[in-house]
Amino acid sequence: MKIFTLDTTLRDGTQGEAVSFTVEDKLAIAQKLDELGIDYVEGGWPGANPRDKEFFSRARELKLKHARLTAFGSTRFAKNTIDRDPNVHALLEAGTPTISVFGKTWDLHTKHALGITEEENLVLISETVQRLKDHGREVIFDAEHFFDGYRSNPAFALRALEAAKKAGSDILCLCDTNGGTLTGQLSEIVAEVRKRFDGVLGIHCHNDTDVAVANSIAAVEQGVTHVQGCFNGYGERCGNANLCSVIADLELKLNHEVIGKEKLANLTSTARFIAELANLPLPNDQAYVGRSAFAHKGGVHVSAILKDSATYEHVPPETIGNRQRVLLSDLSGRANILYKLKQHGIADRLSEEARRELLERMKHLEFLGYELEAAEGTFELLVREALHPGFHFFDLVSFDVSTKMSGSRASKTTATVTLKVQDGVHSATATGHGPVNALDLCLRQCLSSQYPSISDVRLTDYKVRVLEPKKGTAARVRVLIEWSDHRRSWTTVGVSENVIEASWHALVDAIRLELIRLVEKDESIEKAVEDYCWGV
Ligand SMILES: [Zn+2]
């Protein structure tokens, strides 16, 4: 059966504490959701927020192929007439084909929050829906606090739905606004409503009891055909139902048609795109779309998935555009790393002894806090060194780095490096934008006479993570440096108690890698590394 989706990442999602989007971000997300096949994109509350008002005026330029842009707002205020209500006016001004309008269905709210009678509340609902219908809009009536309202006074809650329906509402959406309803109870209430109302019923769940996705699925099982939620579960307090999981569950487990199997393969990239714009890391363990959703670490699991991936995977990862990953860790058997190296024909080129040594080195580095899955450059270096143990490019004699600040002027960092290279001892001094840049310049100068072509590479990102935060400034730090040439990018890693020393290790690994790549061009290694470190 076709199940319609309404994404409210741009409205309810932005009510999440850490979530904020610029108007440009919102436009880009709306476009992306349209491409994914979402049916309704709720863009904001034009009557309450100037940024949302601007969004709707600029959204007229969007060329949405499928999705219906939806404006959100409340029923008219009790003190205003329908003609003079600024919120209703702003909803129509937004110019969207669909409007979500929320009204009270809980007697507690009507009496205490609005201070009006039941009859007055029903008039607010029907007049507002009627007005929006008179202007030719598709209307979704969001029955706010419906489940709490139904438990408190079912007749009252149902009369509110009836008023909306009579006034012409196209969709009656039952909202678990406080997110406090458990699945069994919610299911029973939806079934009761389904008996009394024909037409499209919707569900809007919050995650305060950690069952928002389960509740949305249960509602569909009771005959709801319109599901609201947010990408990555963003939203007020503990978030809304995570639409990624809802879509995947409905498509893959219940065989409903939501966005279609073909578009489902874009689910992971869409979730990551939105997380990127929200500037929030996508949780690794997010169901279906997280990096770890199909990552195998335990040695037993790995040897089993090598035979048949269904042994430890509930769906094929490609169906939602994710990928299987085999991890290396001190938990795993040797199967994990050899799996990747074998796939690319590298394992056969290593002696039994060299394989064991490579694995031991990797385990030791991970124990020290190196994160090789996030540092494909360092991993590639280890593999290349195992294949070519004879290469040795340089030794460090000494390095020195100092940063001077005087008054309010910008700081100045100078480094001096002395290296022993094949053609002799070289020293260089350079000034850079900070210590890493200064050391990098020195290293390249020292090596330039022996290896003139190493200067193609740029440093593009630099990240520091404290490994034992409880130890304060004495804690070890992990430095990840990202590099890029005109073709691709990679990351190297260093760990130390001293942030400069950790950076130095990451820097030296990057330089050694460049040199070994120059001497030994071997594309199968690049492929194995890409596969192992994918998606970081
Ligand atoms: Zn909500």
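Is histidine 145 buried or exposed? In this predicted model, histidine 145 is buried, with a relative accessible area of 5%. The residue lies in the loop between strand E5 (138–144) and helix H6 (146–152). Its backbone also deserves attention, for histidine 145 adopts a positive phi of about 55° although it is not a glycine.

A further positive phi in a residue other than glycine occurs at asparagine 232, where the value is near 60°. Asparagine 232 belongs to the loop between strand E8 (226–229) and H10. With a relative accessible area of 10%, asparagine 232 counts as buried, because the cut-off for that class is under 20%.

The largest nonpolar core has 84 residues, of which Ile38, Phe141, Phe146, Leu161, Val193, Phe231 and Leu267 touch the most other members.

The packing of helices remains to be described. Two packed helices are described by the angle between their axes and the distance between the axes. For helix H9 (residues 212–221) and helix H10 (residues 243–253), the angle is about 40° and the axes are 9 Å apart. H9 is therefore oblique to H10, and the crossing of the two helices is right-handed. On the H9 side, the contact is formed by Val213, Ser216, Ile217 and Val220, while H10 contributes Ser245, Val246, Asp249 and Leu250. Classified by residue type, this contact of H9 with H10 comprises five nonpolar, two polar and one charged residues.

Terms used
Residues numbered from 1 in each chain as written. Predicted model: local features only at pLDDT ≥ 70, side-chain atom pairs only at ≥ 80, totals over all residues. Heavy atoms only, no water. Core = buried A, V, L, I, M, F, W, Y, C linked by side-chain atoms within 4.5 Å. Buried < 20%, exposed > 50% of the residue type's maximum accessible area, 1.4 Å probe, protein only. Axes fitted to C-alpha atoms, helices over the stretch in contact; angles between N-to-C directions. Helix = DSSP H or I, 4+ residues; strand = E, 2+ residues; numbered from the N terminus. Parallel < 35°, antiparallel > 145°, perpendicular 65-115°, else oblique. Left-handed = near helix turned anticlockwise from the far one by under 90°. Contact = heavy atoms within 4.5 Å. Nonpolar A, V, L, I, M, F, W, Y, C, P; charged D, E, K, R; others polar.
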